[in-house]
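Good morning, colleagues. Please turn to the sequence and the structure as they come up on the screen.

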Amino acid sequence: MKKIGVLTRDCAGINAAIRAVVRTAAFHGIEVLGIIKGYEGLIDHELVELDKRSVSGILNRGGTILKTARAKRFLTEEGQNQAVKTIAENNIDGLIVIGGNGSLTGTHILATEYNIPVIGIPATIDNDINGVEMSIGADSAINVAVEALDKIRDTATSLERVFVVEVMGRGCGYIALQVALAGGCEEVLIPEKETAMAKICADIVEGSRQGKKSWIVIVAEGSAKGSDVAETIVKKTGLETRLTVLGYIQRGGVPTAFDRLLAARMGSYAVEILKDGQTDMCVGYTDKKLITIPLAQAIQPKKIDYERDYRLIKILT
Ligand code: F6P
């Protein structure tokens with residue numbers, strides 16, 4: 001293997017993973033081409049040479065130095081053919097893709113339909129890659145959200161209000177659950193579990209009757225709109241309620257040490273196994289061990305075991 005390509009999505013820790021890929025490749029005498037703007041750059045032939053010096057000083061930077069985009073064109077056969085042409089014209093022997101479900105689905109297509117050697121590295125704040133304990137970016141997102149929650153709780157307590165805090169998590173309640181537990185929140189709504197607003201409101205009314213003064217309700221964006229939840233609480237409880245949507249602040253920023261460690265380990269491992277002839281696999285780090293799972297399995301919906309944490313949230317509040 002003489003030359004590999006690397007393309008990414010966006011979240012904290014991705015630059016650390018790019019660095020690990022580039023430096024491990026350099027260690028093995030393999031050249032690296034960075035693909036600008038994800039699959040868009042692969043279609044449009046936008047590439048940049050990455051040597052080990054070009055990734056200096058990026059370890060602690062959020063986002064991706066390669067930039068990224070949602071590439072609708074890659075969903076078409078024409079776009080895919082164009083991307084494969086770019087790979088061939090640049091003598092790319094294998095591709096490493098660092099991203100979430102959508103990116104890794106594209107990676108699996110390149111392997112199965114076009115016979116391109118590929119390895120995926122899970123990187124998404126949603127932490128919804130099946131078979132992988134932690135994706136790069138999730139820990140950083142949770143830490144950002146918990147820091148924000150601590151501040152919100154100050155105001156909730158001082159003004160004796162209900163706060164609804166919407167966190168990211170399109171189809172997965174992982175961030176919401178972890179944040180609710182780490183932040184000592186009273187209620188959490190996740191896409192995996194149907195929660196009756198009537199019950200939440202009744203619990204708030206009962207708590208208020210017993211002298212409780214403030215609440216924080218976490219809403220995963222995939223379960224409901226934070227604004228609708230806040231409106232219902234006002235209507236049903238009559239309590240003063242405010243909404244905060246944390247949004248994209250959870251995706252950017254300085255990666256935590258945990259995410260940098262994941263990025264270093266998984267980034268380096270991805271290069272090693274690609275070089276050794278593995279393909280159509282996703283790397284992971286589970287039970288303190290590097291693992292590989294077929295991409296076909298990694299892109300299936302991940303079932304999170306929410307019952308235990310959900311119960312704990314209820315007990316602790
Ligand atoms: O998949 C990660 C994620 O941040 C989700 O939590 C969120 O719904 C989505 O991406 C937002 O996507 P975009 O960057 O295209 O707005």
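I shall speak about the nonpolar cores and then about the residues around the ligand. Please keep in mind that this is a predicted model.

The largest nonpolar core comprises 66 residues. Within this core, the members that touch the most other members are Ile4, Ile18, Ile96, Ile98, Ile121, Val188 and Ile218. Which helix gives the most to this core? That is helix 5, residues 138-159, which supplies nine residues. As for the domains, the core takes at least three residues from domain 1 (3-137 + 255-298) and at least three from domain 2 (141-251).

Setting aside neighbours within four places in sequence, Ile218 contacts Leu149, Val165, Val167, Ala176, Val179, Ala180, Cys185, Glu187, Val188 and Leu189. Val188 is itself on the list of members that touch the most others. As a general remark, nonpolar side chains in soluble globular proteins tend to be buried together.

I turn now to the ligand. Around the ligand are Arg9, Arg70, Thr124, Ile125, Asp126, Met168, Gly169, Arg170, Glu221, Tyr248 and Arg251. With Gly169, a polar backbone atom is 3.4 Å from a ligand oxygen atom. Taken alone, the ligand exposes 400 Å², of which the protein buries 79%.

Notes: Residues numbered from 1 in each chain as written. Predicted model: local features only at pLDDT ≥ 70, side-chain atom pairs only at ≥ 80, totals over all residues. Heavy atoms only, no water. Core = buried A, V, L, I, M, F, W, Y, C linked by side-chain atoms within 4.5 Å. Buried < 20%, exposed > 50% of the residue type's maximum accessible area, 1.4 Å probe, protein only. Helix = DSSP H or I, 4+ residues; strand = E, 2+ residues; numbered from the N terminus. Domains from an automatic or database assignment. Contact = heavy atoms within 4.5 Å. Near = heavy atom within 4 Å. Polar contact = N/O pair within 3.5 Å; in protein donor to acceptor, adjacent residues only side chain to side chain. Areas by Shrake-Rupley, 256 points an atom, 1.4 Å probe, with all protein chains shown as cover.
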